[in-house]
Amino acid sequence: MTEAKAASDAKPEFRMQKMYIKDFSFENPNSPEVFISPHKAEPNVELNLQINNRKLDGDHWEVALEISAKVTSKEDEPKVLFILEIEHAGVFLLKNIPEEHLAMVLGVDCPTLIFPFSRQLVSQVSVDGGFMPFLMEPINFMALFQNSQKEKTKSN
């Protein structure tokens, strides 16, 4: 069997090999005052998510979710309750993945595996910071990917 034939017969491999926190910050700038003054309503939440990836070697990729959240009170003079930032990443083995599927694997499948753990870390740190659990809604990474692909085709 030739090498070209063997390569075309090779089955795709996809698995997370390691998950880790690259950066994590939690700020509680107005404590302890925010804990003793009653809040009138649900807080305002400014949430940002970015997905980054980079090739490490022939078969390994790093995919990272950067999540930042700023939570403020809904008062006449809003106060920052907390600010959190996390860069949560994984190293993925992507072997024999067809080139036409690579962007989707990196933009949908990899973040889908990382996100539940990122969500748990964010929830736990908000509790440890003295607040109710900060529960991020589940994210449809496929819809995000499809929207970004549409935007790319519009701009071309």
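In the predicted model, the lining of the second largest pocket is made up of 6 nonpolar residues, 4 polar residues and 1 charged residue. This pocket holds about 230 Å³ of space. Its lining consists of Ile 51, Asn 53, Ala 103, Leu 106, Gly 107, Phe 141, Leu 144, Phe 145, Ser 148, Gln 149 and Lys 152. At least two lining residues are supplied by each of β2 (44-55), α3 (99-128) and α4 (141-155). The largest share belongs to α4, which gives 6 residues.

The largest pocket contains about 280 Å³ of space. It is lined by 13 residues, and those closest to its centre are Glu 42, Pro 43, Val 71, Leu 81 and Met 132. By type, the lining of the largest pocket comprises 10 nonpolar residues, 2 polar residues and 1 charged residue.

The strands of the model were examined next. In general, strands of a sheet pair through backbone hydrogen bonds, in either a parallel or an antiparallel manner. Here, an open sheet is formed by 4 strands in the order β1-β4-β3-β2, with antiparallel pairing. Strands β1 (13-27) and β2 lie at the edges, and each of them pairs on one side only. From one strand to the next, the twist averages 15 degrees. Within this sheet, β3 (residues 60-72) and β4 (residues 80-95) run antiparallel and are joined by 13 bridges. Lys 70, for example, has Ile 83 in β4 as its bridge partner. Helix α3 lies across β1, β2, β3 and β4. The angle between α3 and β4 is about 140 degrees. Helix α3 also contributes at least two residues to the lining of the second largest pocket, as does the edge strand β2.

Two features of the backbone are found in loops. Most peptide bonds are trans, and most residues other than glycine have a negative phi. The peptide bond from Ser 31 to Pro 32, however, is cis, and its omega is near 0 degrees. Pro 32 is placed in the loop between β1 and α2 (33-36). The other feature concerns Asn 96, a residue other than glycine whose phi is positive, near 60 degrees. Asn 96 is located in the loop that lies between β4 and α3.

Methods: Residues numbered from 1 in each chain as written. Predicted model: local features only at pLDDT ≥ 70, side-chain atom pairs only at ≥ 80, totals over all residues. Heavy atoms only, no water. 1 Å grid on protein atoms, 1.4 Å probe; cavity = no way out; pocket = protein on both sides within 12 Å on 5 of 7 lines; lining within 4 Å. Points joined across faces, edges and corners; volume = space filled by probe spheres on them. Nonpolar A, V, L, I, M, F, W, Y, C, P; charged D, E, K, R; others polar. Pairing = 2+ DSSP bridges. Axes fitted to C-alpha atoms, helices over the stretch in contact; angles between N-to-C directions. Contact = heavy atoms within 4.5 Å.
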